[in-house]
Amino acid sequence: MSAKKSPEELRNIFQKYAAKEGDPDQLSKDELKLLIQAEFPSLFQGARSLDDLFKELDKNGDGEVSFEEFQVLVKKIAQ
């Protein structure tokens, strides 16, 4: 996935994976993993783990990643 996506395209990608289980407005850890594997496959080529990334993105500590929290990841990838 190119980081050069419109906000609407990013929202659609987020919703596609968030709708797989539970709250359709939040990504679970498993949903985040599926999204990253499909859309950002090179993200985990380094030593970074999914757990570390999930903790970093889940700013409010509710165990899920909102679209606003997901945008932090998109901004990092775009840099």
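Mentor: In this predicted model, 43% of the contacts between residues at least 6 apart in sequence join residues at least 24 apart, a contact being heavy atoms within 4.5 Å. The protein has four helices and two strands, from DSSP runs (H or I, at least four residues, for helices; E, at least two, for strands), numbered from the N terminus. Along the sequence these elements follow the order α-β-α-α-β-α.

The packing to examine is that of helix α1, residues 7–18, on helix α4, residues 67–78. Their axes lie 11 Å apart at an angle of about 115 degrees, with axes fitted to C-alpha atoms over the stretch in contact and angles taken from 0 to 180 degrees between N-to-C directions. The pair α1 and α4 is therefore roughly perpendicular, the class for 65 to 115 degrees. The crossing of α1 and α4 is right-handed, meaning that the near helix is turned clockwise from the far one by less than a right angle.

On the α1 side, P7, L10, R11 and F14 make the contact; on the α4 side, F67, E68, F70 and V74 do. By class, this contact holds six nonpolar and two charged residues, and no polar ones.

For the whole protein, 33% of the 79 residues are buried, that is, under 20% relative accessible area with a 1.4 Å probe. The accessible surface is about 4800 Å² by the Shrake-Rupley method, and 47% of that surface belongs to carbon and sulfur atoms.

Residues are numbered from 1 along each chain as its sequence is written. Local features need pLDDT of at least 70, side-chain atom pairs count only at pLDDT 80 or more, totals for chains, interfaces and linings use all residues, and side-chain values use heavy atoms, leaving out hydrogens and water.

Methods. Angles under 35 degrees count as roughly parallel, over 145 as roughly antiparallel, 65 to 115 as roughly perpendicular and the rest as oblique. Ala, Val, Leu, Ile, Met, Phe, Trp, Tyr, Cys and Pro count as nonpolar, Asp, Glu, Lys and Arg as charged, and the others, Gly among them, as polar. Buried means under 20% relative accessible area, exposed over 50%, partly exposed in between (1.4 Å probe, protein chains only). Accessible areas come from the Shrake-Rupley method with a 1.4 Å probe; for residues, only the protein chains shown count as cover.
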